[in-house]
Amino acid sequence: MLAAALALADEHGVEELTMRNLGRALGVEAMSLYNHIANKSELLDGLVDIVFGEIDLDCAEGDWKKAMRRRAVSARDVLARHRWAVGLMESRVHPGPANLRHHDSVLRCLREAGFPLAMAAHAYSLLDSYIYGFALQQAGLPFDTGEQAARVAETVMRQFQSGEYRYLTEIATRHVMKRGYSYAREFEFGLNLILDGLERHLEPE
């Protein structure tokens, strides 16, 4: 049932994830679903837990920056596959085991690296704000590839006179419209700034 619900949310958005639509996708009456799940909130708990389970996080090597970078990039990629999940990841009051393991593992990685308790909390909040914020912004962009971004930039530029909006024109023609442009690279740049900044708050050994 959760697999069908996940596919429905991925294809049509969480707004279309109703018991009626899920029952239709499974070929059963909607009321029969309540034999397996209490309500939509419980269904969302399960889906969010699946999403958390897809995020890569391994701090076994002891390199906190490498682990946090891998986790951040993985989370961004997972949320690009499940765009409906961006606003729900931290909203569950009945988190599942994958959700809890993920949060505990991130905190363990930060604490064992030497971050004081309060700084570990700050670091986690900062990283998640950046990851979720970027994922939300990326989900709302009117393009997915560099080629699409270039076409969007051309369309926008046709709406104003040559010489207007000098700096928008500059970034479009000399950055966005260049071959090989990828908005996803902006994520790595910002992530590195954050991780380098957090490193300065490690307690000396």
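Start with the charges: the protein chain has 23 positive and 29 negative ones, and their mean positions lie 5 Å apart. Here Lys and Arg count as positive and Asp and Glu as negative, while His and the chain ends are not counted. Each charge is placed at NZ of Lys, CZ of Arg, CG of Asp or CD of Glu.

Before you click further, know that this is a predicted model, in which local features need pLDDT of at least 70 and side-chain atom pairs pLDDT 80 or more, while totals for chains, interfaces and linings use all residues. Residues are numbered from 1 along each chain as its sequence is written, and side-chain values use heavy atoms, leaving out hydrogens and water.

**The whole chain.** Switch to a cartoon view and you will find 9 helices and 0 strands. Both are DSSP runs numbered from the N terminus: helices are H or I with at least four residues, strands E with at least two. Along the principal axes, the C-alpha atoms fill a box of roughly 65 × 55 × 25 Å. Of the 205 residues, 40% are buried. Buried means under 20% relative accessible area, exposed over 50%, and partly exposed in between, with a 1.4 Å probe and protein chains only.

**Helix 7.** Now select residues 146-157. Helix 7 has 12 residues and reaches 16 Å from its first C-alpha to its last, close to the 16 Å expected at 1.5 Å a residue. That expected span is 1.5 Å times one less than the number of residues. Which residues of helix 7 are buried? Colour Gly146, Ala149, Ala150 and Ala153 to see them. They cover an arc of only 100° around the axis, so they sit on the same side of helix 7. The arc is taken from the directions from the helix axis to the C-beta atoms. An α-helix has 3.6 residues a turn, so residues three or four places apart point the same way. Next, show helix 8 (166-176), against which the buried residues of helix 7 pack.

**Gly62.** Move to the loop between helix 3 (40-54) and helix 4 (64-81), where Gly62 is found. Is Gly62 buried or exposed? With a relative accessible area of 59%, Gly62 is exposed.

**Leu198.** Leu198 is buried, with a relative accessible area of 5%. Not counting residues up to four places away in sequence, Leu198 touches Trp64, Phe115, Ala123, Leu126 and Leu127; contact means heavy atoms within 4.5 Å.
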